[in-house]
Amino acid sequence: MNKSCYNSAMPQKREKRPYKSAVRQRQASDTRRRIIEAAGELLQREGYAGMTIEAIAQWAEVSAQSVYAIFKSKTGILIALLDQSMFGPDYEEVVQQALSASDPETRLRRAASVGRQIRSAQSAAFDLLRGAGVVAPELAKLERQRERLRYEKEESMITFLRDAGKLRPGLSHKTARDIFWMLTGGDVYRMLVRERGWSPQKYQDWLADTLVHSLLTPPKPSPVRTLAAKRDSS
């Protein structure tokens with residue numbers, strides 16, 4: 001038997017169609033978006049108590065099982081709502097500006113802009129959740145989860161400063177990471193902006209200066225300044 005004829009008679013395997021996977025991904029993304037939008041609408045209309053999984057599913061026109069499969073719990077939905085409000089287009093823009101800087105001081109100063117963006121958005125988002133009746137223990141749990149995530153993400157900044165040879169002498173990687181995490185945290189923003197009445201821009205300027213002075217190798221004094229200082233002391 002002609003081998004080529006035999007091969008042509010064999011059933012051919014169908015090629016996989018990548019577009020099917022893309023369609024499923026778009027459908028999953030659309031389902032997730034509808035659920036988050038439904039949760040946000042219910043939270044504002046009915047409060048936290050009325051934002052039940054069943055109500056969200058009905059509003060989003062999906063099954064309750066789909067909601068559970070994607071978000072696991074109401075806490076998972078609240079996290080998604082926070083992420084949506086905090087990490088939108090404005091956030092992505094300032095992050096890209098920060099990452100585009102190759103100079104350590106410039107990148108660190110731009111990180112202050114990222115911190116301001118996150119803190120302002122987080123403050124507004126938590127105000128919304130409190131107003132909707134989300135209980136204090138649930139809010140505290142959300143905040144702890146956000147802080148753990150922030151601590152993990154911020155390590156790349158300290159690694160960048162260390163690899164550039166600009167990390168302040170005497171600072172270990174962990175200590176520098178802790179300082180960066182503390183200074184860019186919500187407590188500092190709350191105390192200065194909300195309690196002491198600083199403008200967000202004043203907070204950002206202060207944060208940029210403080211990060212630079214706390215984490216970077218101090219600049220070497222210029223010879224002119226050194227000579228002037230010696231004349232003044234004599």
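## Overall architecture

From the N terminus on, the elements of the chain run α-α-α-α-α-α-α-α-α-α-α-α-α. That makes 13 helices and zero strands, where helices (H or I, at least four residues) and strands (E, at least two) are DSSP runs numbered from the N terminus. The model is a predicted one, in which local features need pLDDT of at least 70 and side-chain atom pairs count only at pLDDT 80 or more, while totals for chains, interfaces and linings use all residues. Residues are numbered from 1 along each chain as its sequence is written, and side-chain values use heavy atoms, with hydrogens and water left out.

Of the 234 residues of the chain, 35% count as buried; buried means under 20% relative accessible area, exposed over 50%, and partly exposed in between, with a 1.4 Å probe and protein chains only. The chain exposes about 14900 Å², and carbon and sulfur atoms supply 53% of that area (Shrake-Rupley method, 1.4 Å probe; for residues, only the protein chains shown count as cover). Among contacts in the chain with a separation of 6 or more, 65% come from residues 24 or more positions apart, a contact being heavy atoms within 4.5 Å.

## Helix H7 and its two partners

Two packed helices are described by the angle between their axes and the distance between the axes. Here the axes are lines fitted to C-alpha atoms, for helices over the stretch in contact, and angles run from 0 to 180 degrees between N-to-C directions. Helix H7 (residues 104-131) packs with helix H12 (residues 200-215) at an angle of about 140 degrees, the axes being 8 Å apart. H7 and H12 are therefore oblique to each other; angles under 35 degrees count as roughly parallel, over 145 as roughly antiparallel, 65 to 115 as roughly perpendicular and the rest as oblique. H7 passes H12 in a right-handed crossing (a crossing is left-handed if the near helix is turned anticlockwise from the far one by less than a right angle, and right-handed if clockwise). On the H7 side, the contact includes Leu-108, Ala-112 and Arg-116, and on the H12 side it includes Tyr-203, Leu-207 and Leu-211. By class, this contact of H7 with H12 has nine nonpolar, three polar and five charged residues; Ala, Val, Leu, Ile, Met, Phe, Trp, Tyr, Cys and Pro count as nonpolar, Asp, Glu, Lys and Arg as charged, and the others, Gly among them, as polar.

With H9, the H7 axis comes within 10 Å and crosses at roughly 165 degrees. That makes H7 roughly antiparallel to H9, and the crossing is left-handed. Pro-104, Arg-107, Leu-108 and Ala-111 of H7 meet Met-157, Phe-160 and Leu-161 of H9. Sorted by class, the contact of H7 with H9 has six nonpolar, no polar and one charged residues.

## H9 against H10

Helix H9 (residues 155-163) also meets helix H10 (residues 173-183): their axes come within 9 Å and cross at roughly 130 degrees. H9 and H10 are therefore oblique to each other, and H9 passes H10 in a right-handed crossing. The contact is built from Glu-155, Met-157, Ile-158, Thr-159 and Arg-162 of H9 together with His-173, Ala-176, Arg-177 and Phe-180 of H10. These residues divide into four nonpolar, two polar and three charged.

## Residues worth a look

Two loop residues have a positive phi without being glycine. Glu-61, with phi near 60 degrees, sits in the loop between helix H3 (53-60) and helix H4 (64-71), and counts as exposed at 67% relative accessibility. Lys-72 has a phi of about 70 degrees, lies in the loop between H4 and helix H5 (74-86), and is exposed with a relative accessible area of 61%.

Inside the helices, Thr-75 of H5 counts as buried at 10% relative accessibility. Leaving aside neighbours within four places in sequence, Thr-75 is in contact with Glu-138, Lys-141, Leu-142 and Gln-145. Leu-139 in helix H8 (residues 136-153) counts as buried at 8% relative accessibility. Not counting residues up to four places away in sequence, Leu-139 touches Phe-126, Leu-129, Arg-130 and Val-134; Leu-139 and Phe-126 are 13 residues apart in sequence and 7.8 Å apart in space, C-alpha to C-alpha. Glu-41 of helix H2 (residues 18-50) counts as partly exposed at 30% relative accessibility, and its C-alpha atom is separated by 9.1 Å from that of Ile-56, 15 residues apart along the chain.
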